Amino acid sequence: MMKKIIYLISIVLLVSSCMKKPDYNSYIIELTVPLSEEITPETVNNAKVTLINLQKGYTIEALMDSTGVILFTSIEPGFYSATLSHSFPTGAFTTSNLNGMVQMEVFSSISETLPVVLSTSNALVIKEYYYSGSLTPASKSYYSDQYVEIYNNSDMVVFADGVSIIEHESYGIGTNYWTFMPDSIVARMIWTIPGSGNDYPINPGHSIVLAKDAFDHKDDPNGNPDCPVNLGNADFEFWVDYKGYDIDFNSTNMIEDLFTFRGSDIAFHVRGGSAIALVNIAIDPVERRNYIDNNLVRKSSYSTRWYGRIANTMVIDAVEVVFDEAHAEYKRMPLVLDAGYTYVPAGSKSGKCLRRKIETIINGRTVYQDTNNSTEDFLKDSDPKPWIYE
Amino acid sequence: MASSDTLQRTSLHSFELISLQNPWLISSNPAALSQMNLSLVGIMNARYGNEDGSFKRVQQGDKLNTYQFTTFSYSQIKDISLYGGFNYEKSFEKGLDYSNVNDPFRLTPYQVIDTIGNDTYDREFFSAGGGLSKPFGDRLTLGLSGDFKVGLASQNKDPRPRNKVFYMTLSPGMIYNLGKFKLGLNFLYKYYNEEIEISIVRSNTTAAFFTAHGLGMATYHEAGSFNRLYKRNSKGFDIQLAYENSKIRSVNGSRLLYHEETAGDGRKASNASWAYLKKDSRLNAIQFDLYNQTSFLHTDNIQSFGYSLNINTVLGTEIIQRLEQVNDLELDDWITYDEEEKYGAEDVKLNVYYQFYKLKNNKQKNFNLNLHADYHSFIENYFVPNQEEYYKNLAFGVSFDKNFYHHKKSLSLGLKLKYKMNLEGAQNFSDFTYIAERIFVPDFEFLSCNYIAPGLNVAYEIPLRKIFDQLFINSTVDLYFGNNGQSRTIFNISTGVTF
């Protein structure tokens, strides 16, 4: 009798020990691209839409049809971004890029508009951007080896004279203050390649390197034997004339047009805070100076820090760099300049860089992908290989 | 000096006999101490253990060296029965990958993982416990027991976690005597706390961290340091029904425990400080145990059989938060947007065994034959994106050991053999993430692998004259050979005294 009682109790316990099944939600995201005279059903047909879970970092890809509407089903709750990227020929020698991006909070099934812009590609593109720096054998941080490589992606000679490189004012750790100026980007640093228009040619399929410090970082005693690059042959250098702290190496010095937080040398944010762009303000130094001086902005009337406002129409190429997926919501570049974002997941001091993907090779000339969407266009965690086009 | 119904002197096999003659020991009821009729029985020993080989879990180190000191005893003062023990353990787990938690096999999917491997976990743990029981009249016995474990684990390479671990159990219990039948009931309260501080000694360096959510799903962080806090409260009870006559002692029991565990992160993001604690997840689990041990006591032998069934069901909830500015003073805090039950698991273990213990001169061990079978099934699911893993394993084991006596000295030689086979299993992943490929796929290969494990144990005892009864040295070797070509050796040697 007692045994029966204890077994009965055990069965009751067993039944009560059954945990309830997980109660979870999944939602539907409906994204609609507004069609217009410019954005036609043919334009959006086969456009790739990538949905990114910003917390977990995974992506879901799908192709849009000519209706301009795409459905993502069985989506877990969370914070997402969706990017659209599509390139298509618009003539015998020209390519148009359709790009779009939207950020979403998905805690129910939602319908969102995915705004898109049409843009065209330029001849000069940023091929490599190395900002992470490296570690010395003594485990010290080393970021003197940062550089930006500019590539001629066209089949004609292009002159680099007067091309400026700018760093966005915001490091992307908070909401961009300047969103009320959608037709411009605001720079904390503007450096320009010298020349009068015909001094610094870049042949088709070739590049120039803008180095923070133009010397052999690998073998020089003042360098870092674990550094991945030798920049002794860099074409240009960011040299800062500041109490002799920055050594002036043999490379041609860039022109310092704006350096809001002026110090002994320039530095790109090693974790990925520096979004950069190539811009064409003016070749003539006086004209360029006037433009910058007439477009200085500050955050408040009390601030002594002035930044440079650059019109989107002056931008040749832009790369939106963020810390990581979680910081993508602080994207700064307008969609028309860069519809996506990228970063080095290996992190600071990793010796890794961002490198543009190869689209094709025509008669030995490498053509890099340029859809104005850095999420799509760049390889992450690449080994730095300036002047190598593979 | 020894248990009154077994031996004159306490030896290593005294403890085997105690567990065979006292089935109450399989319960967690401290009042059962009074049922065992023991005088002073104790042991004190030092152990060295070594594990080495590639046949292992992914989050297990290649090598494990353990140094341990243990002392434990039963005793009786008038009508109060007591036990107490103390344990010190120092270990080095080398060649460890993908783990920043002290115990990655704790049935929680919410772990912190870094990608830089070949770590060494240096652990130092103290534990102590004790209990007492006292009869009140002929029918009622009350008891109380408690134990705790506290320790520190740390790794030697960036990113390097420091894990402060605290664990305690408290249990009051009672037994009501109905003659040949006895009814027992005890309550259980357990608390587990693990605080992890992960730092990177190299200046200006960050590392990739994954906070895992189960079956390869994880949140990724790039950070220079990371903090996590686990807190688990467990409450439950254990009921028993025992039957006893001059030849048979049997205890049936059933135990139910509810666990709730939270994991919080002190992650530094944006311009937040460590004061902003992010709630990562909550884990609810129910543990159900059903057990029996029945021993037949004869003059020259003891036969014992029994089973234990253990069912753990787990429900995991992710807490979705975002760091946001909460007022005009630019203060940030984690804002909760949703809580989603996205993880479920069920772990079932069944063990049945039979033991034949042959006595010599009615009090010493002659030989011991043990047969056992173990069934283990495990299924876990992650929902949206849907990930599933399950496996069912069956294992059989046999062990035999015999004692040889010569001038009051004793030599024990034993052999054992275990064979585990996988009945079925599969991984159905809709998303093969980095974590899934690096941890779950190879770990599943190990868990669903067949193996054969021969073993050997040798013990030698010599009598002592004064305070202690016996001096012993004991060694075991277990070899695991998986059908994937990998193997692992587990070696232990201990020496100590009995009293």
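Q: Which residue's side chain meets that of Lys385(A) in a salt bridge?
A: This is a predicted model, in which local features need pLDDT of at least 70 and side-chain atom pairs count only at pLDDT 80 or more, while totals for chains, interfaces and linings use all residues. A salt bridge is a side-chain nitrogen of Lys or Arg within 4 Å of a carboxyl oxygen of Asp or Glu. With 3.3 Å from N to O, the partner of Lys385(A) is Glu390(A).

Q: Is Glu390(A) buried or exposed?
A: Buried means under 20% relative accessible area, exposed over 50%, and partly exposed in between, with a 1.4 Å probe and protein chains only; side-chain values use heavy atoms, leaving out hydrogens and water. Lys385(A), at 29%, counts as partly exposed. Glu390(A), at 54% relative accessibility, counts as exposed.

Q: How many residues apart are Lys365(B) and Glu16(B)?
A: The side chains of Lys365(B) and Glu16(B) meet in a salt bridge at 3.3 Å, N to O. Helices (H or I, at least four residues) and strands (E, at least two) are DSSP runs, numbered from the N terminus. Lys365(B) lies in strand β16 and Glu16(B) in helix α1, so that the pair links distant parts of chain B, and their separation in residues is 349.

Q: Which strand of chain B holds Asp478(B)?
A: Asp478(B) is buried at 15% relative accessibility, and its side chain forms a salt bridge with that of Lys416(B) at 3.3 Å, N to O. Lys416(B) is in strand β18, 62 residues apart from its partner, and Asp478(B) is in strand β20.

Terms used: Residues are numbered from 1 along each chain as its sequence is written. Chains are lettered from A and ligands numbered from 1 in the order in which they are written.
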